[in-house]
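Please read them with the structure open beside you.

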Amino acid sequence: MAQIFPEWTNKLPPIVAGMVILILVGIIGFFWYYGSPYYTDVGYRPEQPVPYSHKLHAGDLGLDCRYCHTGVEVSPVAGVPPTQTCMNCHTMIKPDSEKLKPIRESWESGEPMEWIRIHKVPDYAYFDHSIHINAQIGCSSCHGRIDRMEVVSLVEPLSMKWCLDCHRNPAPYIRPPGNITNMEWVPPENQLTFANRFISKNNIDPPTDCTGCHR
Amino acid sequence: MSKELKNIPSSGKEYWRSLEQRVKAPETEAFPHREFPEGTAEHGATFSRRNFLSLMGASLALAGLTSCRRPVEKIIPYVIAPEEIIPGIPLYYATTMPFGTEAIGLVVENHEGRPTKLEGNPKHPQSLGKANVFAQAAILDLYDPDRSQSVLYRGEERSWSEFLAAWKELIKEYESSDGEGLAILSEPFASPTLARLKKAFLRRFPKARWAAYEPVNDENIFSGVNMAIGEIGRPVYHCTEARVILALDSDFLQLEHDNIRNAAGFADGRRVITRDDEMNRLYVVESAMTVTGGMADHRYRLQSRQIGAFTAALALELTTRGLPVDGVESLDAYKNHPFDEKWLGALADDLIKNTGRSLVVAGRRQPAEVHALVLAINSALKNINRTVEYYPIGDTEAARQEDLVSLVQAADSGDVTALVILGGNPVYNTPVDLAFREALEKITHTVHLSTHVDETSGYVEWHIPEAHFLECWGDVQTPDGVLSIVQPQIEPLFGGKSKAEVLAAVSTGDDRSGYDLVRETWQSILTGTDFNRQWRRILHDGVYDGSKVKPSRVEIRSQKLATALDKKPFPTDTAGLNSMEIVYQVSNSVYDGRFANNGWLQELPDPVTKLTWDNAIVMSRRTAQELGVKNEDLVTLQHRGRTLQLPVWILPGHADYSISVELGYGREAVGRIGNGVGGNVYTLRRSNAPGFDIGVSIQSTGKNYLLACTQDHHGLDVEKLARESIRDRLPIIVREATLEEYRENGEFVHEIVEPPPKVSMWKEIKYDERPQWGMTIDLNVCTGCNACTIACQSENNIPVVGKEEVRLGREMHWMRLDRYYSGDPDDPEMVHQPVSCQQCEMAPCEQVCPVAATTHTKDGLNGMTYNRCVGTRYCANNCPYKVRRFNFYNYAKGWPEIVQMVRNPDVTVRFRGVMEKCTYCVQRIALGKIAAKKENREIRDGEVVSACQQTCPTDAIVFGDILDPNSKIFKVKQQNRRYELLEELNIRPRTSFLAKLRNPNPDLKQTQNPKD
């Protein structure tokens, strides 16, 4: 009796098995990487409705962060400035600039600007700016050198692992008073001596429990 | 588990949740053993292969789409930032909730112009910083998507200005005729501005008619007082001062006027800290078991119609004991009464012993004569101006049925040509014999102001949407005259108008803003030199301090009282099986129907029956047996030629041959939540008997009607609970003794059970770093009012699941109120026990979570991380208290956007497949911690309050840092009545209970002999 299956079919089982393994590994690897803190939005750099330059305003002109982000010391949200804040200066400076047209339109029509959000933690994580500022964590620690960014981009992953790294060991990031908005700040050599003293004096105890952020 | 039981006080007491459980019906046995009833995990609807495939396909496609890249999120700042608002920080404003003729002072949490939570205003005398169920739930009504959205002319959309133009044209003819044919039907109010506008209206149209109507009102009380002293007075009770309280068919702790103040005062007089403390004694005489009846030390079940004769018998009893009661000379007919002589005698003795420190209250359902007699009794007991004060009625516009009747008659005979209905829903809730709708249809021009396009709106010419009290300006007065302002929190969402604005427009045809109207009134109220300064102060505080009035002088006109009592004698016959009594009850959920479209309230289990989403015919076991009906039998109720079909619910403790039915259900035009829920009892209610009536008969239809009752859900899993050992075990869960037993043995709580040696399976962690959060619940003052459940629902974004889901045991309330009966199944005692997550230090749930979604925090919380939860439900299965709730569906989804505005932005909204439970309001703890940290200090005691604690009218719930020796919680935890639920499991719950005490009269010592 002739063979029912030709000879090449002998190779089928290993091929199928190999493919199944490959697909499985692929699926697991896909979720392993894309579901992990290593895959983040670092580098996210959307185009804003107005090409506002932080480099110009915060860097070259030296405006303090808090001129616009007024809530940062008292509120969970730092806040994006109202159109009014832009118009404080831009009624005088470059009042006819083409780039500022949306701002002027918003000012005249009363329709708010729609900025695109870059720094975002998930809705189930409750981040509070004010307590970080009060614990002497500076802007650039999380937001990077905003003063050098023509267009703002995300520089830190804002993942839970990244948060916890600092919550578990905040000492390297605590700044002396007056340096919160200082973009140039780098930890001095005696950073740990200063920080440890500050931590014990001010009872700095960042939560590492889940409920610290997830409510 | 080996456990020695000994020394159970009130021994022989048997606790049970329902009659089914007591007789050990098979379906209830599963409840204590299972996390959810059988079949809960299965899909409710038919789930065919086809829709499974389509769902799977869709979700795969969606999953593919969403994972591609992160969604673009917009930040939308202000154009011009308002000065006070810092985004992210809520603001708190004082306002007042007008409720009938009452005022509930509130503080509103407002997130960037969006009110999200209501709390009591501590400065307001009628709320005392607390809120009841209705005040807590009122926020959801603001965002009701079914509210009326525009002015309608015969059902067609019009604008407010079109209405004004039309009305201006119309009133020209009435101006010349002095208002002949013009009429206003208003809801009762206690508002200086509305009172001023009413006067102005009647000045302009002197011949116009004015009637005030509300289906549940205090007219009987007012006319009773009038009968006795010749002047209308509003009683205000000082329950704290009263050592002995007698409630005659009055649910004064829950549904009668001033219930927050009553409950708070009652609790203050009842709270026991040490063995030497005094405790008040509560006697209750009532037909249906109520919250007040559950708190009673002695409860006498009696048909509502016999309450009058009972009061008369009491007056006689007091008189024979040397305390003459005014008007007693007309009461001779009640000398031969059927009531328990011993009970009545002991009560009378107790009242006399506590002269000047006792209080008798009667329910609003009872006729005026009862209230007149009660006033006379209080006066004889020298209670007036000690435990009860009567205040002049002032600017209060009280309901008067007489006016309504004459208005309807005039309309019938064509004497009314234009009618303005200022709020309310008279077609739905006026007495059925008045045939209001027919009369309304005879009126040429009709205007109706209401929150919804409701049953009445369909029969009117003009419908105007009414603003919610959080949307408009107004003012209110408490019974003792304290004035407060209703301050809007948000622009009217649907362009609603306030009563004041409509009344002003109706009077003059002019469009005046509510703000101007209220300020105009207050120009004459505030007499200081700087009006604006005073005004701002009042807006800030929420009350006008200088406005309290003096109580009226009470001098009984004995002769007139006697004549009145003679004229309308109390019924002395008893209702029987063929002609039963019907008692119209106010609903604990929807009140008189005004909250019918409020999902939180519809799903809130009634404190006593534990029914949700329905009303039922509530009757005693004996009545049901003789009628041959059982729970959930659909029966036809026949009453004076009218019929209504409702299911039966048997309630232990109900008077025989009397049935109770709740008003406010059976709405037809209120919205997606309330339409078609329950039956409309107003279709039986007659104008000559709005409280209770006789002559009801019941026929079985042979059909069944499924009710969603939560009473057996989440039963605590004490070994073999539903079996024989229940008798032994439940006294451990609800520990209870009499005051006498407590005085004899202060440690009774701990001697009830000798716990086995506590051995731990795990390494025990020491929690010694401050703060450590803990809670106590004093069962002795908890009335079971449900306010905590709704406060929790509002604070923690807890979804509404609907009747079908409740039937499956899937209700989501984090705070449930276990209601236990004990004693005689026909006349039991009742205990409420609020149970939410006990925050065990060694939590069993944490041990079984495979993904560490529930973990312990340093400050002793059993934390729940929703985003980690994968929904294995092992934790709920392992929780001995059954306090974990599972999102079987995406309950939060599918609601219009406007409903989402009610959500607390500080709490995650949970998705399908996620477990949730009480967190001790961890969001409030976090905010308190941050605030303290910013100032580099410890959290102060009382700085962090949980939502349930904040609203609890009786302060039964205490929360705080148990390691702070100066904190309130530390002191409460030292009390010897403290115990933990299932402490023998050695899981160390952080929530403790304080044992319940009762204070029975030693003269009435009963040998309890429960018979099956």
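1. Helices (H or I, at least four residues) and strands (E, at least two) are DSSP runs, numbered from the N terminus. By that count chain A has nine helices and one strand. Read from the N terminus, the order of its elements is α-α-α-α-α-β-α-α-α-α.

2. Some ground rules come next. This is a predicted model, in which local features need pLDDT of at least 70 and side-chain atom pairs count only at pLDDT 80 or more, while totals for chains, interfaces and linings use all residues. Residues are numbered from 1 along each chain as its sequence is written, and chains are lettered from A and ligands numbered from 1 in the order in which they are written.

3. The model scores ipTM 0.86 and pTM 0.89. pLDDT is the predictor's confidence in each residue, from 0 to 100. For chain B the average pLDDT is 87, and 91% of the residues score at least 70. Residues 1–12 of chain B have pLDDT below 50, and this stretch has 24 contacts in the model beyond near neighbours in sequence; two residues are in contact if their C-beta atoms, placed from the backbone, lie within 7 Å. Residues 38–68 of chain B also have pLDDT below 50, with six contacts beyond near neighbours in sequence.

4. Chain A has a radius of gyration of 25 Å, well over the 17 Å that the globule rule gives for 215 residues, so chain A is more spread out than a compact globule. The radius is taken over C-alpha atoms, and the rule is 2.2 Å times the number of residues to the power 0.38. The C-alpha trace of chain A spans about 100 × 50 × 35 Å along its principal axes.

5. Where do the two chains meet? The contact takes 37 residues from chain A and 33 residues from chain B. On the chain A side, helix H4 (83–90), helix H5 (101–109), strand E1 (115–116) and helix H6 (129–134) each supply at least two residues. The largest share, three residues, comes from H6(A). By class, this side of chain A has 16 nonpolar, 13 polar and eight charged residues. Here Ala, Val, Leu, Ile, Met, Phe, Trp, Tyr, Cys and Pro count as nonpolar, Asp, Glu, Lys and Arg as charged, and the others, Gly among them, as polar.

6. A strand pairing also links the chains: E1(A) and strand E3 (residues 74–75) of chain B run antiparallel and are joined by two bridges. Two strands pair if DSSP finds at least two bridges between them. In this pairing, Ile116(A) stands opposite Lys74(B).

7. Chain B holds an open sheet of three strands, in the order E4-E5-E6, with antiparallel pairing. Strand E4 (91–99) and strand E6 (114–120) of chain B stand at the edges with a single partner strand each, so one side of each has no neighbour in the sheet. The twist averages 35 degrees from one strand to the next. Strand E5 (residues 102–111) of chain B is joined to E6(B) by six bridges, and Asn110(B) has Pro115(B) as its bridge partner in E6(B).

8. Helix H4 (residues 133–142) of chain B lies across E4, E5 and E6 of chain B and runs at about 170 degrees to E6(B). Axes are lines fitted to C-alpha atoms, for helices over the stretch in contact, and angles run from 0 to 180 degrees between N-to-C directions.
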